[in-house]
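Keep the model in view while reading.

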Amino acid sequence: MNKSNSSKKPIESMGKRISLARMRAGQKGNIIKISGGCGVVSRLEALGIREGREIKKISEQWMRGPVLLQHGNTQLALGFGLASKVLVEITGEYR
Amino acid sequence: MRILLMGNPNVGKSAIFNRLTGANVIVSNYAGTTVEFTKGSLKVAGQNVELIDVPGTYTLDPTNKAEQIAVEMLKGRKEGDVVINVVEATNLERSLNLTLQLIKQNVPIILALNFWDETKHKGISIDVEKLENILKVPCVPICAVTGEGVKHLVERIEEAKPSSLEYDEKEKWHEIGNIVDKVQTITHRHHTLLERLSDASVRPLTGLPMAVIVLFLTFKLIRFVGEGLIGYVCKPVFENLWSPLMLKLSYFLGSAGFIHDLVIGHLVKGQIDYGQSFGLLTTGLFVPLAAVLPYVFAFYLVLSFLEDFGYLPRLAIMVDTLMHRLGLHGLAIVPMLLGLGCNVPGVLATRILETRRERFIAVTILSIGVPCAALQAMVVGLLGRYGMAKVGIVYGTLFIVWIVLGVLLNHTVKGKSPEIFVEIPPYRIPYLRSLSKKIWIRMKWFIKEAVPFVLLGVLIVNILYTLGIIQFAAKFTAPVVTRVLGLPSEAVGALIIGFLRKDVAVGMLIPLGLTAKQLIIASVILAMYFPCVATFTTLVKELGFVDMLKSAGIMIVSSLIVGGLLNIILI
């Protein structure tokens, strides 16, 4: 683990449960729960994104813009509101 | 027997369709390129078989219109119909969701593992034989874009069959996970340059500057190629080769008379003036081939590259926040960009938007605020001599109208707009052959569509003038045209022809000797007031008659308001 370059504190985040929207870009974690109407759950499920799966947060945009996540080899852009419905347990950083 | 091409969005169905049928559907690197199904035919074992390219779907439980079409096509299948399930080899797990659903429906399928070449670069290794044994359907690795493996796919189509694989619906993902574990191995490898570029494109600090640079370069390149072709190729050809020929013809036709004026038009100081002559063989050919075609080519050159590279969905992420102010989401930028080439494919592309409200808003602001390449080329040609700043006023006004109208519609049209939810494809270096083919298809389509309509427009203009109809209409509409818009009353002729073709309409402004300010107002009005007939028919089909009337009402009212304002504001 390379701590000398990080300005944040990665170890403290591990195990933390937070929505995909509020996660930091560069973090990864396992999906705990996807809340919301049937629409969100089934659309994500169609892509294989479901509880227990690991996803990485690639980027976020200013002013509550879309969130870009990666699941396996699939990259998906989600609106901020949709991303807030995905609860993730942080497992670390991927970059 | 019919064959359906089914699979997730952006996996190569259309590329395969093109390869197998020799047809020419548009292929791009983003989800949503195919908005309706297309039919073609190919020979399988000596027989002609119908092949259907279907919009992509992730699941047989549709979440949008394109997916609904796919599911309906599947439901409509008959005995003996077969499905080529196109699967992204680099995304096996996600792709198998649809595959297993198809298997459960007892559909006879054959699997095509596309992007096989990319698996090596991504460190992915798939045991195809094992996959075939587990799924119990034939599996063929292919690369649609280069054609590798496609012949093999066709040879094995007859082997397509329903699978005997059974699984519990609740355990579906578990089952998929098992299959993937058994057939796929991934070796770690470093981020490629394209992957790093992809990350940079979406992170705000690097992504926003990149978007600005891309848009700036796009504009510069289109100008450069367009003006270059006009100045060094088209104008010289017309002036040095065609004009002498036309003058000879003019003399042969007696230098006057109805036929002469129709074919050659009016000679200005004894010479052919492509702006003013307005003959079928002079202006009628110059406008589409020398004034507009270079820009159409330049535009599609750049757009096709951006499409195939995969930049557009990332641009959609960058503009999403802005789009929400207009009641849309980021992906709506795609129809807007397409509309800059021709409004018709732009309107058709709004089908990627999920709700009726979004489609109405998108289509309305597109028809009003997004000028097509034909209109743009003529406006730049006409206003350019007064300086690019004047041209900039036209673009600036249309852009402001686009935004303001979008915001207004967002506040007035009932309903909510959903958030963006779109897969972002990897960056791919465009394959030169398919890129050039695509540009060629679009150019051919433009020439086929534009030239006849322009000739028709020139013909009608001549007839209308001869019969005095334009002069009559001018007297009738003079109060509005002269006082509100500040234009000479004859300009109404341009508005009449504008319904047929906008480039001919701009051409009609030339002999009126307008000032720069009047040209600006006329250009903006022509862009906004009403769609050309091609766009009009598409709008009626997409919106239905009632919404089309609403949209048209908005167009006419807003163009009068904006025209009037410009008349007051500009000096």
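## The six-stranded sheet of chain B

This is a predicted model. In chain B, six strands make an open sheet with mixed pairing, and their order is S2-S3-S1-S4-S5-S7. Strand S2 (38–44) and strand S7 (139–141) of chain B are the edge strands. Each of them pairs on one side only. From one strand to the next, the twist averages 25°.

Look next at S1 (residues 2–7) and S4 (residues 82–88) of chain B. They pair in the parallel sense, over five bridges. B:Met6 has B:Asn85 in S4(B) as its bridge partner.

## Helices on that sheet

Helix H3 (residues 92–104) of chain B packs on the sheet. H3 touches S1, S4 and strand S5 (109–114) of chain B. The direction of H3 makes about 165° with that of S4(B).

Helix H5 (residues 128–135) of chain B packs on the sheet too. H5 touches S5 and S7 of chain B, and its direction makes about 155° with that of S7(B).

## A sheet built from both chains

Which strands form the antiparallel sheet of seven? The order is S1(A)-S6(A)-S2(A)-S3(A)-S4(A)-S5(A)-S9(B), and the sheet is open. Strand S1 (17–19) of chain A and strand S9 (421–424) of chain B stand at the edges. Each has a single partner strand, so one side of each is left without a neighbour in the sheet. Here the twist averages 40° from one strand to the next.

Within chain A, strand S2 (residues 27–34) pairs with strand S3 (residues 54–59) in the antiparallel sense, over three bridges. A:Lys28 has A:Lys56 in S3(A) as its bridge partner. Helix H8 (residues 193–202) of chain B packs on this sheet.

Several helices of chain B each supply at least two lining residues: H9 (204–252), H11 (283–309), H12 (311–325), H13 (333–339), H16 (373–383) and H17 (388–412). Which helix gives the most to the lining? H17(B) does, with eight residues. By class, the lining has 29 nonpolar, five polar and one charged residues.

Key:
Residues are numbered from 1 along each chain as its sequence is written. Chains are lettered from A and ligands numbered from 1 in the order in which they are written. This is a predicted model: local features need pLDDT of at least 70, side-chain atom pairs count only at pLDDT 80 or more; totals for chains, interfaces and linings use all residues. Side-chain values use heavy atoms; hydrogens and water are left out. Helices (H or I, at least four residues) and strands (E, at least two) are DSSP runs, numbered from the N terminus. Ala, Val, Leu, Ile, Met, Phe, Trp, Tyr, Cys and Pro count as nonpolar, Asp, Glu, Lys and Arg as charged, and the others, Gly among them, as polar. Two strands pair if DSSP finds at least two bridges between them. Axes are lines fitted to C-alpha atoms, for helices over the stretch in contact, and angles run from 0 to 180 degrees between N-to-C directions. Contact means heavy atoms within 4.5 Å.
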